[in-house]
Amino acid sequence: MSKKGRGIVKSIVSGDTIIIKGRAVNGPPPEKIISFSNVEAPKLGTQSDPSREEPFALQSRDYLRKLLVGKEVSYEIDYTTNTNRRDFGSISIPKVIEGETNITRIMVKKGLLKVRKNDRNNSEEYEYLTQLEQQAQKENKGLWAKDVTAGKRDVSWKIDPNEAKAFFKKYKGKKLDGTIEQVRDGSTVRVAVKIPDIKFPTYQYIVLLISGVRAPVYRKNVPNVEDVVEPFSEEAKYFVETRILQSDVKVVLESNIPNSSNFIGSILHPRGNIAEVLLLEGLARINDQTLMDVTGCDILKLREAENKAKEKKLRIWKDFVSKDKDLPPDSNFNGQVIRVISGDMITVLNPINNKEKKITFSSIRKPPQEKPQGSDRNLQESGYAYEAKEFLRKKLIGKTVHVKVDYVKEAQENYEERECATVTYKGQNIAELLLSKGLALVIHHSREDQNRSPFYNHLRMVEEEAKEALVGCHSTKEAPVYRYVDASENLSKAKSFLTSFQNGTTRGIIEYIPNCGRYIIRVPKENCRMVLVLGGVRAPRLGKTEKDKSEPFAQEALDYVNRNILQHDIEFTVETTDRSGGFIGALFATINGIKKNIAVQLLELGYVRINDYSADQSPYKNELYEAEEKARSAKINIWENYVPEVKKEAEVVISKSTPLPQKGIERIEVVLSNINTAADICVQLASSNLGRLEKLIDDLNNYESKPENAPKAPFNPKANEIVAAKFSEDNTWYRARVRKIFNEGGKKKANVFYIDYGNSEDLVILNNVRPLPEQFGIKKIPQYAVEAKLAFINTFTDEDWKIEAYEQLQDIVEGKSLIADVISKAGNNMTIMLYTKESGAKTVASSVNAQLLSEGLAMVEKNWVKRVDHEIIDRAKNMTNSKKIIKSIPEVLIEIQEQAKKARVNAWRYGDITEDDE
């Protein structure tokens, strides 16, 4: 937040310190703590130091609380301390109180703040505050009251379980006055309860769980406790803070949690019941255990509120399936088993709607899960839960089964909603088969529970027979144990398995697929798990989070292999290893009855691209290139918009004083490699054979890893020298250019620019910067990263808008294929009009440059604004050489900027911020 502006008061820390919040953008808003200049408030006590509380501390804070919380104020920061970066300033309100709008003055007038003594401060404001304080002293206001005890209170900051039991017994069901002091999550608050019938102000702090509802858990930064941040928990917490934090409420205690200091109860607020509002907004669900205790609200209203949120699929109910129908529409079908999740749950693909459905077997559960022993990489698995899963995999994976959904089990806390069904294969009930082998247990339903298998009694009989036979989990013997070594744990471990894997074809089972080019395979013969990387292809990158967007068709490619070969028996060959311990080779699996090379299959479907270097080394080279050519010709998936690289002749007319840097505009495909600012980026040319870059980095690291190649003497690089530099985030060597040399903290450092990717950082030269061997130099292998500037535009100088522009650019381009029209070029620098392929790249308005302008997050460079005049329209030529006159690129961009100004979008919200610079 800036040093001057407006904000909403979130809460009051003390009589001289408040917390204000800015505007919310994609989540809770930024906050700023501001203390008042020149004054100090009486100190409030704390749980760790109750004795520090001074008279009138509560009155001082409460006056501000009732006046400001939830209101918009203006603030201005006077200074920030160097030690703890604490902001001091002033707060103003629209309302006039005793002739003042400045909060500091109002508080001093009322005797609720003291002027801080400072002989060196002789400002007019300080003198004026001193006069106000003297007047308050004369009138015995607040702090200056003759009766010192009038400003005191008695506070109990915590309560032990025994005291909590007695406290609850005394005040159960009574409406107690309280103030919400903290919101821990959407349904848990800390309340300062005022004890009734005591003349001297007495307060008890308690933790209250709001009855009838349960919001997503939000637990963060609690010492010695693991963080838990459930989906929508932050939004629920912020929602409650906005409405009742530091509000005066009535609290009704309804229950005391056994052996705990916490209470369950209702919060009564003049504006309504917060529990009902949380349910309406889809930020909480009904808590049946405490629902009957709710005070001051019709329980049916709470049910109704939750149902409305479910119908609208709000927030926590976004995936809710309506219960208007007893069973889902596709509750009886034949489908293919594509995944065994556990010993009692499978995923079935319905061929009619092509949707995957998780199915839990009705009325049974898997045996108790034994915890895997050993490290994450070298596991020892035991127990019949593992046996049950493996039995289902061998029996069902890839097979067609009949599914008849019997009931739907509602979502409960850590369990999602489950469709429970009777699954049969070749007329055999799979649940019965599992029970007969002692690989499942029957769930004991209550008499009232009608959600059960139609064959429930028969299943119980089969279980009893298995118990008598002492089979499976009913056996008196110890559970079987399976040990697997991770062959891909590191490069050294991988090399120890390499010879064995290179000796012909090896059989295995695909356990997990991170992306369509990488497979985790279990190899029973070798008692190991390993990572197999498909040779000869480059798989589209799959985003790791929602914000980290995937490349086009990455998810579709992953879905294809998951549906067709996950958990299948397969064969593979190995050619070599990569530097992380993965094995590079070919994978063969049977799809639709035909044995196929998976890399070739993915290329034919247009899900992956050729990796030239790797493909050239592959024994399946010809098949790989032929498969990609088929996909290109068919223009499917990643090749749907494929157009051979062409150059379009065009003339961008600017002004007589600025000749065009080149005659035509070249259109090229690029890959974004780094963002410095929204207008300054680095790209790699798609035509530059990026597959060879991986080989370059591997070779450079292999060279640098050998002790004999280490520099014999200290290396003293010079500015602009091309060197090898070790990137701090992954400890990998890359090619870099030295930008400058400097000393810091007694160490010699270099600022380096990684010439193949475009990012930069400061490095200690010793051990991190080395001479670049000649075979890796840019004369032999030109650098891959090109520094590109978005043509005709700049970002705003304000840091907040720079950040917003940066994030907007990320949202526009990440995960998308990009096209650039090169406006000018000099060496490894160029100015471009940038487009996403999805935009069509046919008009200036569809460019990324234009999108940033239309969002009010960039502006046209001032020199271009001055150069654009009526002559441009007359001189501009249509790019298709038609006789129709078109406007020049800069003129179109200026028009888009003007539209953003008129709409007062983002940086233009307060008018033309560039006028002062003219």
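Author: A salt bridge here is a side-chain nitrogen of Lys or Arg within 4 Å of a carboxyl oxygen of Asp or Glu. By that rule, the side chains of Arg315 and Glu281 meet in a salt bridge, at 3.2 Å from N to O.

Reader: Before going on, what sort of model is this?

Author: This is a predicted model, in which local features need pLDDT of at least 70, side-chain atom pairs count only at pLDDT 80 or more, and totals for chains, interfaces and linings use all residues. Residues are numbered from 1 along each chain as its sequence is written, and side-chain values use heavy atoms, with hydrogens and water left out.

Reader: Fine. Where do Arg315 and Glu281 lie?

Author: Arg315 is in the loop between helix H8 (299-312) and S20, and Glu281 is in the loop between helix H6 (274-280) and strand S19 (285-286), so the pair ties together parts 34 residues apart in sequence. Helices (H or I, at least four residues) and strands (E, at least two) are DSSP runs, numbered from the N terminus.

Reader: How many salt bridges turn up in the whole structure?

Author: The search finds 48. One of them joins the side chains of Arg23 and Glu804, at 2.6 Å from N to O. Arg23 sits in the loop between strand S2 (17-21) and strand S3 (31-36) and Glu804 in helix H18 (residues 799-813), so this pair ties together parts 781 residues apart in sequence.

Reader: What about one inside a helix?

Author: Asp699 and Lys695 meet in a salt bridge of 3.0 Å, N to O. These two are 4 residues apart in helix H17, which means about one helical turn separates them. Asp699 is partly exposed at 27%, and Lys695 is partly exposed at 26%.

Reader: Which residues are linked in a network?

Author: Glu390, Arg393, Glu511, Arg522, Arg529 and Asp569 are linked in a network of salt bridges.

Reader: Back to H17. What does helix H17 lie across?

Author: Helix H17 (residues 691-704) lies across S42, S43 and S46, and runs at about 65° to S43. Axes are lines fitted to C-alpha atoms, for helices over the stretch in contact (heavy atoms within 4.5 Å). Angles run from 0 to 180 degrees between N-to-C directions.

Reader: And the sheet, what is the strand order?

Author: The order is S45-S44-S43-S42-S46, an open sheet of 5 strands with antiparallel pairing. Strand S45 (760-764) and strand S46 (769-771) are the edge strands, each pairing on one side only. On average, neighbouring strands of this sheet are turned by 45° against each other, direction ignored. Two strands pair if DSSP finds at least two bridges between them.

Reader: How many bridges join S42 to S43?

Author: There are 6 between strand S42 (residues 722-727) and strand S43 (residues 732-744), which run antiparallel. Phe727 has Thr732 in S43 as its bridge partner.

Reader: Which strands does S20 pair with?

Author: S20 (residues 332-342) is joined by 5 bridges to strand S26 (residues 400-409), running antiparallel. Another 5 bridges join S20 to strand S21 (residues 345-350), again antiparallel. A hairpin connects S20 to S21 through 2 residues, and Ser342 stands opposite Met345 in S21.

Reader: Cysteines next. How many disulfides does the search find?

Author: The search of the whole structure finds 0 disulfides, a disulfide being a pair of cysteine sulfur atoms within 2.5 Å.

Reader: Last topic, loops. What is the phi of Asp197?

Author: Phi of Asp197 is near 60°, a positive value in a residue other than glycine. Most residues other than glycine have a negative phi. Asp197 is in the loop between strand S11 (188-194) and strand S12 (202-210), and is exposed at 84% relative accessibility.

Technical notes
Buried means under 20% relative accessible area, exposed over 50%, partly exposed in between (1.4 Å probe, protein chains only).
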